[in-house]
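Work through the exercises below with the sequence and the model side by side. Try each task before reading its solution.

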Amino acid sequence: METTNTLENVRDIIKGLTNIDIFQQTRRRDVIEMRSLANTYLSTVCKMRLMEIVRAYARNDYQTTHASIIHSLNTYEQHKRYNPDLELTYKALIGDNRMYVLGRIPTATEEQIEQIEQILL
């Protein structure tokens, strides 16, 4: 899978779920947390190396360094403790729709979850 498409797909999914653009040049906490989530996903699930991630960002006109990516990876667990939506968004990224729906709608019945999953497919 080409890294540009991977990063763009991750950005599109995050933006669709949270309305946060990880390519936005800002230090706002919500953007930093989602960027940390994206970097963690790219590193662990997609098995991208640090410089591959940096180059993918550069192709999308976002300037970062490998040191920033390392910091982002190291702080993900801390961000996750203070923002439970990060884990839900991560689960949506890896395709665990059921856990995402349950996290967002804890009172949903099994039938409602199945209906939502059908819509998401």
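**Exercise 1.** Is A38 buried or exposed?

*Solution.* Start with the ground rules. This is a predicted model, in which local features need pLDDT of at least 70, side-chain atom pairs count only at pLDDT 80 or more, and totals for chains, interfaces and linings use all residues. Residues are numbered from 1 along each chain as its sequence is written, and side-chain values use heavy atoms, with hydrogens and water left out.

Next, the cut-offs: buried means under 20% relative accessible area, exposed over 50%, partly exposed in between (1.4 Å probe, protein chains only). A38 has 0% relative accessibility, so A38 is buried.

Now place the residue. A38 lies in helix α2. Helices here are DSSP runs of H or I with at least four residues, strands are runs of E with at least two, and both are numbered from the N terminus.

Last, list the partners. Contact means heavy atoms within 4.5 Å. Not counting residues up to four places away in sequence, A38 touches V10, I14, I22 and Y57. The C-alpha atoms of A38 and Y90 are separated by 8.2 Å, though the two residues are 52 residues apart along the chain.

**Exercise 2.** Describe the protein as a whole.

*Solution.* Count the elements: there are 7 helices and 0 strands. From the N terminus on, they run α-α-α-α-α-α-α. Then take burial: 38% of the 121 residues count as buried. Finally, take contacts with a separation of 6 or more: 50% of them join residues 24 or more positions apart.

**Exercise 3.** How do the axes of α2 and α4 cross?

*Solution.* Two packed helices are described by the angle between their axes and the distance between the axes. Axes are lines fitted to C-alpha atoms, for helices over the stretch in contact, and angles run from 0 to 180 degrees between N-to-C directions.

Helix α2 spans residues 29-44, and its axis comes within 8 Å of the α4 axis, crossing at roughly 115°. That makes α2 roughly perpendicular to α4. The class covers 65 to 115 degrees; under 35 is roughly parallel, over 145 roughly antiparallel, and the rest oblique.

Now name the residues. On the α2 side, R29, I32, E33, R35, S36, L37, N39, T40 and S43 take part, meeting I69, S72, L73, T75, Y76, H79 and Y82 in α4. They divide into 6 nonpolar, 7 polar and 3 charged. Here Ala, Val, Leu, Ile, Met, Phe, Trp, Tyr, Cys and Pro count as nonpolar, Asp, Glu, Lys and Arg as charged, and the others, Gly among them, as polar.

Zoom in on H79. H79 lies in α4, residues 66-82. H79 is buried, at a relative accessible area of 13%. Beyond its neighbours within four places in sequence, H79 is in contact with I32, E33, S36 and L86.

**Exercise 4.** Which residues of α3 are buried?

*Solution.* In α3, residues 50-59, the buried ones include I53, V54, A56 and Y57. They cover an arc of only 160° around the axis, so they sit on the same side of α3. The arc is that of the directions from the helix axis to the C-beta atoms.
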